[in-house]
Structure formats: structure tokens, C-alpha cells
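Please look over the chain shown here before reading the notes that follow. They are arranged by topic.

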Amino acid sequence: MTETMRTPDAAPDRVDWARVAIAAAFGLLFAYDLFEAISDAIGVVTSINQINELAAEADVAPLGIPWAAIVVNLVLPVMLYVVGVIVGFKRGRLPLVLSLATALAVVAAVTLSVNVLAGYLT
């Protein structure tokens, strides 16, 4: 009796296109939040500078620009998307959806909280 030894074929890693599609769909949602953060950053700074020009003419104290809130809004969507993909991609489709949905909910909650806080501080 001769046993034939099977050598494992070096199968290439297959790409699970469903996971890629899930990550891309959530990527669009995170990109929308990032676009909002960029437009808020430009709009808030411009608006506060215009208000400060008028305040200077009226001898009123100028408003401060909430740089911490602007930076958090810009960094958070990118950071949490990357964390969500890293955590969920290798584990399967459902963990990927859950990790990215959780990350998106955290981004939305923190963005809203930071915007409200920045409104109180200025």
C-alpha cells in the first residue's frame, strides 16, 4: 500500500466581493460625513471671521473659532471607518456590517455632540 502525499496547493486568497461592497457602501456614508465636516470647517471659520469683523467695528469682543471641534469632526470619520474595517473585515460579513454601523453611529453622535458643545462655547 502506497500512500500518496497530497501537497496543499497554494490557493490564492480569494476576494470576498460582498465584503468589499459592504465596505464601499459604508465608505460612501462616511465620506458624506467627512464632506459635511469639511464644509462645516470652511463655513464656520468664514462665518466667525465675518462676525468678528463686524464685532471689531462695534467694539465688541470677538468670538473664538472652535478649532478642537473642527479637528475632531475632520479626523473622526476617517479614523473610525478604518477601525471598523480593520475590526470587521476578516471576521465575516455580519461582523463587518455591525462594526461599520457602530462606527457610523459613534461618528454621528460625537459630531452632533461636538457641534452642540462648540455652539455653547462660542
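A residue counts as buried when its relative accessible area is under 20%, as exposed when the area is over 50%, and as partly exposed in between, with a 1.4 Å probe and protein chains only as the basis. At 3% relative accessibility, Phe30 therefore counts as buried. This is a predicted model, in which local features need pLDDT of at least 70 and side-chain atom pairs count only at pLDDT 80 or more, whereas totals for chains, interfaces and linings use all residues. Residues are numbered from 1 along each chain as its sequence is written, and side-chain values use heavy atoms, with hydrogens and water left out.

**Overall make-up**

- The chain has 3 helices and 0 strands, where helices (H or I, at least four residues) and strands (E, at least two) are DSSP runs numbered from the N terminus.
- Along the sequence, these elements follow the pattern α-α-α.
- Of the 122 residues in the chain, 25% are buried, and the accessible surface comes to about 8,900 Å², 69% of it belonging to carbon and sulfur atoms; such areas come from the Shrake-Rupley method with a 1.4 Å probe, and for residues only the protein chains shown count as cover.
- Among contacts (heavy atoms within 4.5 Å) with a separation of 6 or more, 72% are between residues 24 or more positions apart.

**How α1 and α2 pack**

- The axes of helix α1 (residues 17–57) and helix α2 (residues 67–88) come within 9 Å and cross at roughly 170°; axes are lines fitted to C-alpha atoms, for helices over the stretch in contact, and angles run from 0 to 180 degrees between N-to-C directions.
- The two helices α1 and α2 are therefore roughly antiparallel to each other, since angles under 35 degrees count as roughly parallel, over 145 as roughly antiparallel, 65 to 115 as roughly perpendicular and the rest as oblique.
- Residues of α1 that take part in this contact include Phe26, Phe30, Leu34 and Ile38, and those of α2 include Trp67, Ile70, Leu74 and Tyr81.
- By class, the contact of α1 with α2 has 17 nonpolar, 2 polar and 1 charged residues, with Ala, Val, Leu, Ile, Met, Phe, Trp, Tyr, Cys and Pro counted as nonpolar, Asp, Glu, Lys and Arg as charged, and the others, Gly among them, as polar.

**Residues of α1**

- Phe30 is found in helix α1 and, leaving aside neighbours within four places in sequence, is in contact with Pro77, Leu80, Tyr81, Leu100, Ala103, Leu104 and Val107.
- Phe30 and Val78 are 48 residues apart in sequence, yet 7.3 Å apart in space, C-alpha to C-alpha.
- Asp40, which also lies in helix α1, is partly exposed at a relative accessible area of 34% and touches Val45 and Asn115, not counting residues up to four places away in sequence.
- Asn52 lies in helix α1, counts as buried at 16% relative accessibility and, with residues up to four places away in sequence not counted, touches Pro62 and Leu63.

- Asp59 is found in the loop between α1 and α2, where the residue is exposed with a relative accessible area of 73%, and its phi is near 55°, a positive value in a residue other than glycine.
- Thr111 is found in helix α3 (residues 93–121) and is buried, with a relative accessible area of 12%.
- The side chain of Thr111 reaches the backbone oxygen of Val107 at 2.7 Å, and Thr111 touches Asp33 and Asn73, not counting residues up to four places away in sequence.

Definitions and conventions: A polar contact is a pair of N or O atoms within 3.5 Å; within protein, one must be able to donate a hydrogen and the other to accept it, and residues adjacent in sequence count only if both atoms are side-chain atoms.
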